[in-house]
Amino acid sequence: MKRMTDQQKVEALNNALTSFNFPSKYFIYKANKGRDILFTLAHRIDGAVKTHTRFMNYDEMNCFLVGYNFAITKPLD
């Protein structure tokens with residue numbers, strides 16, 4: 001199995017934001033590089049980056065986005 005580069009991971013997570021209909025102001029912000037890369041959901045205010053989640057690895061962020069989408073579109077009864 002081919003490993004994803006850091007940029008491919010960011011693009012995949014940003015594509016998930018688009019497909020899950022997040023407002024366009026939100027984007028995936030990355031910290032670190034290589035094996036220790038971490039991601040957070042963020043948006044820009046006056047040139048500064050405001051984060052909205054804790055920093056997570058790729059799998060955790062992917063699960064967060066899927067879970068968030070599920071909770072919004074199919075609320076539990």
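This is a predicted model: local features need pLDDT of at least 70, side-chain atom pairs count only at pLDDT 80 or more; totals for chains, interfaces and linings use all residues.
What percentage of the contacts with a separation of 6 or more in the protein comes from residues 24 or more positions apart? Such residues account for 28% of these contacts.

**The whole protein**

Begin by displaying the entire chain as a C-alpha trace. Along its principal axes, this trace spans about 40 × 40 × 20 Å. Followed from the N terminus, the elements run in the order α-β-β-β-α.

**Surface and charges**

Now show the accessible surface, which comes to about 5800 Å². Carbon and sulfur atoms contribute 53% of that area. Of the 77 residues in the protein, 29% are buried.

**Asp6**

Select helix H1, which covers residues 6-19 and includes Asp6. Is Asp6 buried or exposed? Asp6 is buried, yet it forms no salt bridge. To see the reason, display Lys30, whose side chain is the nearest one of opposite charge. The separation is 4.6 Å, whereas a salt bridge requires a distance within 4 Å.

Finally, select the residues around Asp6, leaving aside those up to four places away in sequence. The contacts that remain are with Lys30, Lys33, Gly34 and Ile37. Lys30 therefore touches Asp6 under the contact cut-off of 4.5 Å between heavy atoms, although the pair does not count as a salt bridge.

Terms used
Residues are numbered from 1 along each chain as its sequence is written. Side-chain values use heavy atoms; hydrogens and water are left out. Helices (H or I, at least four residues) and strands (E, at least two) are DSSP runs, numbered from the N terminus. Buried means under 20% relative accessible area, exposed over 50%, partly exposed in between (1.4 Å probe, protein chains only). Lys and Arg count as positive and Asp and Glu as negative; His and the chain ends are not counted. Accessible areas come from the Shrake-Rupley method with a 1.4 Å probe; for residues, only the protein chains shown count as cover.
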